[in-house]
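Biologist: Hi! I'm new to this one, could you walk me through it? Let's bring it up on screen and start with the charged pairs.

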Amino acid sequence: LKGAEAASEKLQSNLTKAATIATAAFAGLAGTITGLIGTYKIQEQAEIKLETTLRSTGHAAGLTKDELLEMASSLQKVTTFGDETIISAQSLLLTFTKIGRDVFPQAIETILDMSQHLGQDLKSSAIMLGKALNDPVAGITALQRVGVNLSEEQKKLIKSFAGVNDVASAQKVILGELTTQFGGQ
């Protein structure tokens, strides 16, 4: 009888341990699922905001939602930023309607590099760069305030391009200098 009691107690102890382990595993799984649902909601909200911004700006950048999502997904793989954060930066940059499809991808990459280098969030970098690219002549001064120095030749080029309404070329001069200073972060 003592042997049976000992076996029963051992079995009960093992079952208690197994139940404790299973409970912990299920709690961990529940936490993971809750985290995934939260991440999904953030992603979904970012995509809705992107779509809304595209509509409100009349697709001024000339890019589709699918192209922007693919861009964000690709950039996520080579940066420390998640695609939902990149999508939010894209939405913000889209509000600067003079930034077109030929400049937009480089502008987003520059925002990521600037944020990493300057230790600031994507929103701050997107606003800073968006303002500079939307009005390149005024952007020269704004960028100088944060330590970006354009040469006299670059400033003349920007003013010359802006003077003949070639905003994209002026934007490329700015992006070229920013890539020199912050690229590859």
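Biologist: Which residue does Asp 102 meet in a salt bridge?
Modeller: In this predicted model, the side chain of Asp 102 meets that of Lys 172, at 3.8 Å from N to O. The pair links distant parts of the chain: Asp 102 sits in the loop between α3 and α4, Lys 172 sits in helix α8, and they are 70 residues apart.

Biologist: Is Asp 102 buried, partly exposed or exposed?
Modeller: Asp 102 counts as partly exposed because its relative accessibility is 46%. Lys 172, at 41%, also counts as partly exposed.

Biologist: How many salt bridges does the structure hold?
Modeller: There are 5. One of them joins the side chains of Glu 67 and Arg 101, with 2.7 Å between N and O. Here too, distant parts of the chain are linked: Glu 67 belongs to helix α2 and Arg 101 to the loop between α3 and α4, 34 residues apart.

Biologist: And why does Glu 67 count as partly exposed?
Modeller: Its relative accessibility is 31%, so Glu 67 falls in that class. Arg 101 has 43% and is partly exposed as well.

Biologist: Where do Glu 152 and Lys 155 lie?
Modeller: Both are in helix α7, which covers residues 152-163, and they are 3 residues apart, about one turn of the helix.

Biologist: Is Lys 155 buried or exposed?
Modeller: Lys 155 counts as buried, because its relative accessibility is 16% and the cut-off for buried is under 20%. Glu 152, by contrast, counts as exposed at 51%.

Biologist: Which residues are linked in a network of salt bridges?
Modeller: That would be Glu 51, Arg 55 and Lys 65.

Biologist: Changing topic: which residues touch the most other members of the largest nonpolar core?
Modeller: The core has 42 residues, and the ones touching the most other members are Leu 68, Ile 86, Leu 93, Phe 104, Ile 108 and Leu 133. Among the elements giving two or more residues to this core are α1 (2-56), α4 (104-118) and α8 (167-182). Helices α2, α3, α5 and α6 are on that list too.

Biologist: Let's pick Phe 104. What is Phe 104 in contact with, leaving aside neighbours within four places in sequence?
Modeller: Phe 104 is in contact with Ala 61, Leu 63, Leu 68, Met 71, Gln 90, Leu 93, Leu 94 and Ile 99.

Notes. Residues are numbered from 1 along each chain as its sequence is written. This is a predicted model: local features need pLDDT of at least 70, side-chain atom pairs count only at pLDDT 80 or more; totals for chains, interfaces and linings use all residues. Side-chain values use heavy atoms; hydrogens and water are left out. A nonpolar core is a set of buried Ala, Val, Leu, Ile, Met, Phe, Trp, Tyr and Cys residues joined through side-chain atoms within 4.5 Å. Buried means under 20% relative accessible area, exposed over 50%, partly exposed in between (1.4 Å probe, protein chains only). Helices (H or I, at least four residues) and strands (E, at least two) are DSSP runs, numbered from the N terminus. Contact means heavy atoms within 4.5 Å. A salt bridge is a side-chain nitrogen of Lys or Arg within 4 Å of a carboxyl oxygen of Asp or Glu.
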